[in-house]
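These are my notebook entries on one protein chain. I set down what I looked up, entry by entry.

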Amino acid sequence: MADQPKPSRITSIDAYRGLVMFLMVAAGMAIYRVAASPELQRTLEDKPEWCRTVWRTLGFHTNHVPWSGCSLHDLIQPSFSFLVGVALPFSIASRQAKGQGFWRMLVHAIGRALILIALGVFLRSNGRGMTNFTFEDTLSQIGLGYVFLFLLGFARPVWQWVVVGLILVGYWALFALWPLPPEGFDPTSVGVKPGWDHDYSGFFAHWNINTNPAAAFDRWFLNLFGRDKGEAFIGNGGGYATVSFIPTLATMILGLIAGTWMKAGLPRPVLLGRLLLAGVLCLAAGYGLEAAGICPIVKPIWTPAFTLFSGGWCFLFLCGFSLLFDNGSPLRPLAFPLVVIGANSIFIYCAYHLAGGWVRETLKTHLALPQQYWGFEAYKVFGPEYESIVRGALVIVVFWLVLLWMYLKRIFIKI
């Protein structure tokens with residue numbers, strides 16, 4: 001529904017959410033493909049080494065890592081989930097101020113969870129022959145854990161930390177105790193692409209793609225639903241899984257803890273210090289688990305090490321945005337372009353997934369005119385190797401202008 005903005009909106013939260021959505025839409029620029037293209041490599045041959053380093057860095061951080069590790073692009077989903085937790089204490093307080101009781105809020109939370117799950121399925125079904133019942137979409141993952149998050153919003157912080165610990169230890173044990181495939185096992189039988197060379201050996205093999213308990217659950221669960229063309233589900237091509245919502249819940253709880261600190265009215269140095277300390281400790285814990293050979297950092301199955309590692313970055317991002325833009329900061333106006341996006345995050349998430357391709361093709365149609373009249377192709381104005389970047393940037397501009405219109409009209413889509 002459309003709603004009026006609350007005067008108490010916190011700039012850092014909207015700006016951080018806006019950055020997350022911007023990075024999602026910016027994926028359409030395909031910078032990682034440009035960085036790896038032969039055309040660009042030839043252009044860089046006579047350039048300084050730092051130019052090649054910049055493009056390698058951009059290429060790495062604008063795409064998902066194949067399996068192990070973490071790039072900036074891999075932080076989009078955990079950041080979005082984390083911010084759901086950050087916003088919850090403010091949402092509960094707002095509803096309580098309107099006189100809503102616990103049971104009414106619980107019914108709303110259940111409804112919101114169901115809508116998020118359904119939206120995720122709907123988006124994953126776009127262009128399919130039938131409803132694609134799969135639950136690895138960001139919205140579905142959030143929806144599956146949202147009611148539990150809501151209930152924890154009324155718990156003491158110590159119990160929130162305890163639940164995070166129990167989730168991470170239990171999820172780790174589930175994978176660590178799961179039997180490895182027998183010798184000579186054919187990974188393509190569980191949907192692993194031929195030529196896949198990102199598997200672990202040794203103890204970390206318990207977290208290999210599609211041979212883990214999360215994938216085994218989906219081979220049972222997802223086949224309870226009808227599948228397109230009647231084909232059985234054998235494994236997700238990227239290794240994503242339904243039960244990843246459990247550690248995703250841990251990420252949301254970390255956000256809940258951060259949001260509770262922000263709402264508590266702590267002295268600014270105390271708040272920033274807590275966010276900074278939590279970020280550093282989570283980063284160290286996630287990296288330490290991998291370095292110690294206990295658990296790898298793998299985003300598709302949201303390992304405990306990834307939960308902590310990505311959660312640490314989320315704390316640090318929130319700390320940085322709060323430092324820059326909150327409490328009457330003179331830099332606050334600089335956050336406006338991101339706030340415009342972050343204030344309507346659900347809208348842009350759905351709109352881009354549904355209409356991003358249409359906007360790109362429509363722009364292509366109308367920008368063909370300059371080629372006829374002016375002798376150059378608009379998309380190739382900087383050279384053919386940068387065409388996808390120009391295309392993606394123009395799509396971003398179109399969506400941002402729509403979001404700006406909504407922001408100025410005070411239209412905010414919420415669930």
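Entry 1, terms and model. I take helices (H or I, at least four residues) and strands (E, at least two) as DSSP runs, numbered from the N terminus. I note that this is a predicted model, in which local features need pLDDT of at least 70, side-chain atom pairs count only at pLDDT 80 or more, and totals for chains, interfaces and linings use all residues. Residues are numbered from 1 along each chain as its sequence is written, and side-chain values use heavy atoms, with hydrogens and water left out.

I looked up pLDDT, the predictor's confidence in each residue, from 0 to 100. The protein has an average pLDDT of 92, and 95% of the residues score at least 70. Over residues 1–7, the pLDDT is below 50.

I found Phe154 in the loop between helix H7 (138–152) and helix H8 (157–176). Phe154 counts as partly exposed because its relative accessibility is 35%; buried means under 20% relative accessible area, exposed over 50%, and partly exposed in between (1.4 Å probe, protein chains only).

I then turned to Gln141, which lies in helix H7. Gln141 is buried, because its relative accessible area is 2%. Its C-alpha atom is separated by 8.2 Å from that of Gly120, 21 residues apart along the chain. Contact means heavy atoms within 4.5 Å. Leaving aside neighbours within four places in sequence, the contacts of Gln141 include Gln77, Ala241 and Phe245.

A nonpolar core is a set of buried Ala, Val, Leu, Ile, Met, Phe, Trp, Tyr and Cys residues joined through side-chain atoms within 4.5 Å. The largest has 85 residues, of which Trp55, Phe82, Leu149, Phe315 and Leu318 touch the most other members. Helix H10 (residues 245–263) gives the most to this core, with ten residues. Another core, of 24 residues, lies apart from it, and Trp302 is among its members.

Which residues other than glycine have a positive phi? I list Trp302, with a phi of about 50°, and Arg410, with a phi near 60°. Trp302 is placed in the loop between helix H11 (268–291) and helix H12 (304–325), and Trp302 counts as buried because its relative accessibility is 2%. Arg410 is in the loop between helix H16 (387–408) and strand E2 (412–413). At 37% relative accessibility, Arg410 counts as partly exposed.
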